[in-house]
Amino acid sequence: MSAPHTDVEQVELANRAFYEAMEQGDFETLSSLWLAPADVGVDEEYHDPAETGVISCVHPGWPVLTGRGEVLRSYALIMANTEYIQFFLTDVHVSVTGDTALVSCTENILSGGPAPDGSDELGPLVGQLVVATNVFRRTSDGWKLWSHHGSPVLTESDDDEGEESPS
């Protein structure tokens with residue numbers, strides 16, 4: 001078994017690789033970072049790996065997705081519809097217990113949609129703040145994502161309705 005500080009470093013690298021794959025639109029790498037049925041001893045010859053509920057994911061505003069098929073399809077959809085995305089991770093905390101690791105962080109996301117019709121430029125850039133929890137499991141191939149849960153951070157705006165000013 002690895003030394004605790006080495007485990008934390010390896011989990012941090014796996015976590016960063018996940019976000020870098022998203023930024024680069026690298027679906028193959030992203031897929032390889034998720035836990036596969038074989039990683040936990042599920043025989044894919046007898047179980048459909050797309051239906052085996054080994055992994056789960058909650059994107060902000062989405063229902064829970066379970067199984068490699070649903071989770072990876074969601075990332076393919078996001079990548080196909082996002083021209084640009086960049087993650088600035090803050091408040092990163094890694095905790096490792098045995099073969100399980102928990103990463104909590106804040107995703108400061110900058111993304112751009114499709115270009116306006118007839119334009120070669122990116123669509124408008126939008127910022128979003130999401131708190132995320134990523135659960136990793138140690139495998140023979142290193143740390144793999146077991147679960148990702150992202151939740152939007154609600155921010156106050158100056159024009160919130162229903163707010164009464166103090167008298």
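Predicted model: local features only at pLDDT ≥ 70, side-chain atom pairs only at ≥ 80, totals over all residues.
**Stop one: Arg-68**

Select helix H3, residues 67-80. Arg-68 lies in this helix. Is Arg-68 buried or exposed? Its relative accessibility is 16%, so Arg-68 counts as buried; the cut-off is under 20%.

Now look for a charged partner. Arg-68 has no salt bridge. Asp-39 is the nearest side chain of opposite charge, and it is 6.1 Å away. A salt bridge would need the atoms within 4 Å.

Turn to the backbone instead. Show the backbone oxygen of Trp-34: it sits 3.1 Å from a polar atom of the Arg-68 side chain. Then show Ser-31. Its backbone oxygen is 3.3 Å from a polar atom of the Arg-68 side chain.

Along the chain, Val-54 and Arg-68 are 14 residues apart. Their C-alpha atoms are separated by 7.2 Å.

**Stop two: the largest pocket**

Next, select Pro-60, Ile-78, Ile-85, Ile-109 and Gln-128. Of the 20 residues that line the largest pocket, these lie nearest its centre. The volume of this pocket is about 360 Å³.

Which elements supply at least two residues each to the lining? Colour helix H1 (4-24), H3, and strands E3 (84-97), E4 (100-112) and E5 (125-139) to see them. E4 gives the most, with four residues.

Finally, colour the lining by class. Eleven residues are nonpolar, eight are polar and one is charged.

Terms used:
Residues numbered from 1 in each chain as written. Heavy atoms only, no water. Buried < 20%, exposed > 50% of the residue type's maximum accessible area, 1.4 Å probe, protein only. Lys, Arg positive; Asp, Glu negative; His and termini not counted. Polar contact = N/O pair within 3.5 Å; in protein donor to acceptor, adjacent residues only side chain to side chain. 1 Å grid on protein atoms, 1.4 Å probe; cavity = no way out; pocket = protein on both sides within 12 Å on 5 of 7 lines; lining within 4 Å. Points joined across faces, edges and corners; volume = space filled by probe spheres on them. Nonpolar A, V, L, I, M, F, W, Y, C, P; charged D, E, K, R; others polar.
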